[in-house]
Amino acid sequence: MHHESNGGRLLNEALARRGIRRILIDELHTISRHDHTASMATYSDALAAVPDVLSRLVAQVRNRGHPLPQILGFSSTIPPAAVPHVRSRAQMASGARVVRCAIDRPELVFVRLPLPVRFRESFVCWTQRILDHLSSNAPLWALTGRLVIFCPTARTARCAAHNTHIKLPSGGQRRNFVYLGVSKMTPAQRSAAIDAFGRSPGAVLFTNEAWSHGSGKPDITMVGHLSLAKGPVEQFQRSGRGARERGEKALVVHVLSTARRRASSISCKS
């Protein structure tokens, strides 16, 4: 529906000609850069342009005499203070009803793992010790699927992916993949990494904040946090990468390290 493309214009014209009953917008908070949503993810310029596309589409529908479409938006992270602004950007009526649902995820099992960094221990060695501990002590059901490990930075995620290993319960070694932000990887590299991760049984994905929103892959049975996110919403979004399909469950591990590490302790030996 991007308004700058020929395909987008043709699609809008076809929709306006036939009429639209209902428009559904997922991750509604991403269409606004309002201060109250500054901590939320804006996924792309195309999504940021959605309000303009909606405005043009609604105007075309009105001009052709069709009833205005019902517009529904979905978001689990939009703060109440941002609702009026986001609702306006989405072309919703000012009195549109807001329904809030519980975001409890009973399919996620949360645990804390106190495993401090040892004196002069590198990040890679500490990460390997965490993986070894999880491999030996996590429930079997949590080890049967894919793993996602959130690291403090893009650099530490890349180092961990290239220098750690963890075995599958059935034997053999899991494949490691890295998924970083757009400034560290090209779109093609990101797409290739996530596709390969999704095709590799039992694979491990090392990432930072880049994969905390809007991403879903089946058969992720464990999510590990090696550092805290920017806030509780981000932390919960990270955890929600696990158990995305019906009937799945995932173990969410928050690794607690009270030891202070110097920046020089991060080793990236290949």
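**Close-up 1. Thr 207 sits in strand S6 of this predicted model.** Strand S6 covers residues 204–207, and Thr 207 belongs to that stretch. Is Thr 207 buried or exposed? Its relative accessibility is 0%, so Thr 207 counts as buried; the cut-off for that word is under 20%.

**Close-up 2. Here we meet the surroundings of Thr 207.** Which residues does Thr 207 touch, once neighbours within four places in sequence are left aside? They are Val 148, Ile 149, Phe 150, Cys 151, Ala 157 and Tyr 179. Take a second look at Tyr 179: the side chain of Thr 207 reaches the backbone oxygen of Tyr 179 at 2.7 Å.

**Close-up 3. Strand S8 is paired with strand S3.** Now we move to S8, which spans residues 250–256. How many bridges join S3 to S8? There are seven, and S3 (residues 108–114) runs parallel to S8. To find one of these places in the structure, look for Arg 112, whose bridge partner in S8 is His 254. Strand S8 is also mostly covered, with six of its seven residues buried.

**Close-up 4. Strand S8 pairs with strand S7 as well.** S7 takes in residues 220–225, and four bridges link S7 and S8 in the parallel sense. A handy landmark here is Met 222, which stands opposite Leu 251 of S8.

Technical notes:
Residues are numbered from 1 along each chain as its sequence is written. This is a predicted model: local features need pLDDT of at least 70, side-chain atom pairs count only at pLDDT 80 or more; totals for chains, interfaces and linings use all residues. Side-chain values use heavy atoms; hydrogens and water are left out. Helices (H or I, at least four residues) and strands (E, at least two) are DSSP runs, numbered from the N terminus. Buried means under 20% relative accessible area, exposed over 50%, partly exposed in between (1.4 Å probe, protein chains only). A polar contact is a pair of N or O atoms within 3.5 Å; within protein, one must be able to donate a hydrogen and the other to accept it, and residues adjacent in sequence count only if both atoms are side-chain atoms. Contact means heavy atoms within 4.5 Å. Two strands pair if DSSP finds at least two bridges between them.
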